[in-house]
Amino acid sequence: MNSVPGVSAPADGLPADRPRAGLHALVVEDEPDLAAIVGDYLRRAGFDVTVLHDGTQAVASAQQHAPDVVVLDLGLPGLDGIEVCRRLRTFSDAYIVMLTARAAEVDMLIGLSVGADDYILKPFSPRVLIARIDAMLRRPRQADADPEPDEPPRRVRELGPVIVDLDARQVWVGGNHVHLTRTEFDILAELIRRPGVVVTREHLMNTVWDSDWVGDTHVVDVHIGSLRRKLDDRGDDRLIETVRGVGYRIDTPTPSSAR
């Protein structure tokens, strides 16, 4: 197994006590041997797994089966990983991890900007991939519809033209609904929970990605950039302020906001 391109560790030694009953993972990778290893690891971790080798087929499969996690190669026939990710984000909130052999930073930034939650450079350890997925799955999913009548009011924050419903995990800008990825919403929610306070990149990594996540803090900056584009087309720091060398701060919600 070590000889398979893209894999830096053998497919053995995965802990068996990781129940994933009912969770579906879609693996989209055009190298059959690598796809088989990733699929095997995910099955041993308890996922129901679909393995495909073509981008067009992947989009159709995701529409039909609604995966919880998508492991997506960047270089694919049919549609490349960037376009697959872009299309998935029009109907799916699945966690998306991109696999790429392209070390150029621009490729990673593009992948994250179109909605990927994380990326892993080849060659990689399948155990690291599972660890990354573990960290993402510990985060909350999209909330369901309206609460029951006897439940307390939702926590809503107003930031000028931006309204954030923390319980419904929905955002409006100027009265228009804005779709955020899970990662983008989790970052925004964490900033809102600490209004006026500088939140470090390390804190965001620990709370949004989980303290067990393996990666660098640069991924935070990319998602912040995407948030700014969606929430404020002026492209400045008026809503989310950068504190150089430390992290980010968001304006204090208005006093009328619900608590």
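Helix 2 passes helix 3 in a right-handed crossing. A crossing is called right-handed if the near helix is turned clockwise from the far one by less than a right angle, and left-handed if anticlockwise. Helices here are DSSP runs of H or I with at least four residues, strands are runs of E with at least two, and both are numbered from the N terminus.

Before going on, a word on the source. This is a predicted model, in which local features need pLDDT of at least 70 and side-chain atom pairs count only at pLDDT 80 or more, while totals for chains, interfaces and linings use all residues. Residues are numbered from 1 along each chain as its sequence is written, and side-chain values use heavy atoms, with hydrogens and water left out.

Back to the pair. Two packed helices are described by the angle between their axes and the distance between the axes. Helix 2 covers residues 55–65 and helix 3 covers residues 81–88; their axes come within 9 Å and cross at roughly 15 degrees. That makes helix 2 roughly parallel to helix 3. The axes are lines fitted to C-alpha atoms, for helices over the stretch in contact, and the angles run from 0 to 180 degrees between N-to-C directions. Under 35 degrees counts as roughly parallel, over 145 as roughly antiparallel, 65 to 115 as roughly perpendicular, and the rest as oblique.

Which residues of helix 2 and helix 3 meet? From helix 2 they are Gly55, Ala58, Val59 and Ala62, and from helix 3 they are Val84, Arg87 and Leu88. Contact means heavy atoms within 4.5 Å. By class, this contact of helix 2 with helix 3 has 5 nonpolar, 1 polar and 1 charged residue. Nonpolar covers Ala, Val, Leu, Ile, Met, Phe, Trp, Tyr, Cys and Pro; charged covers Asp, Glu, Lys and Arg; the others, Gly among them, are polar.

Helix 2 also holds Ser61. Ser61 counts as buried, at 11% relative accessibility. Buried means under 20% relative accessible area, exposed means over 50%, and partly exposed lies in between, with a 1.4 Å probe and protein chains only. Leaving aside neighbours within four places in sequence, Ser61 is in contact with Leu26, Thr50, Leu52 and Ala66. Ala66 sits in the loop between helix 2 and strand 3, residues 69–73. Ala66 is exposed, with a relative accessible area of 52%. Its phi is near 50 degrees, a positive value in a residue other than glycine.

Arg169 has a positive phi as well, near 55 degrees. Arg169 lies in the loop between strand 7 (162–165) and strand 8 (170–173). Is Arg169 buried or exposed? Arg169 counts as buried, at 11% relative accessibility.

The next pair is helix 1, residues 32–44, and helix 5, which pack at an angle of about 50 degrees with their axes 10 Å apart. Helix 1 and helix 5 are therefore oblique to each other, and their crossing is right-handed. Ile37, Val38, Tyr41 and Leu42 of helix 1 meet Pro126, Arg127, Leu129, Ile130 and Ile133 of helix 5. That contact divides into 8 nonpolar residues, no polar and 1 charged.

Pro126 belongs to helix 5, residues 126–137, and is buried, with a relative accessible area of 1%. Pro126 and Leu34 are 92 residues apart in sequence and 9.9 Å apart in space, C-alpha to C-alpha. In the loop between strand 5 (118–121) and helix 5 is Pro123. A cis peptide bond joins Lys122 and Pro123, with omega about -5 degrees.

Now the cores. A nonpolar core is a set of buried Ala, Val, Leu, Ile, Met, Phe, Trp, Tyr and Cys residues joined through side-chain atoms within 4.5 Å. The largest has 51 residues, of which Leu72 and Leu188 touch the most other members. A second, separate core of 20 residues includes Val38, Ala45, Val71 and Ile120.

To finish, the whole protein. It has 8 helices and 12 strands. Of its 259 residues, 49% count as buried. Among contacts with a separation of 6 or more, residues 24 or more positions apart account for 62%.
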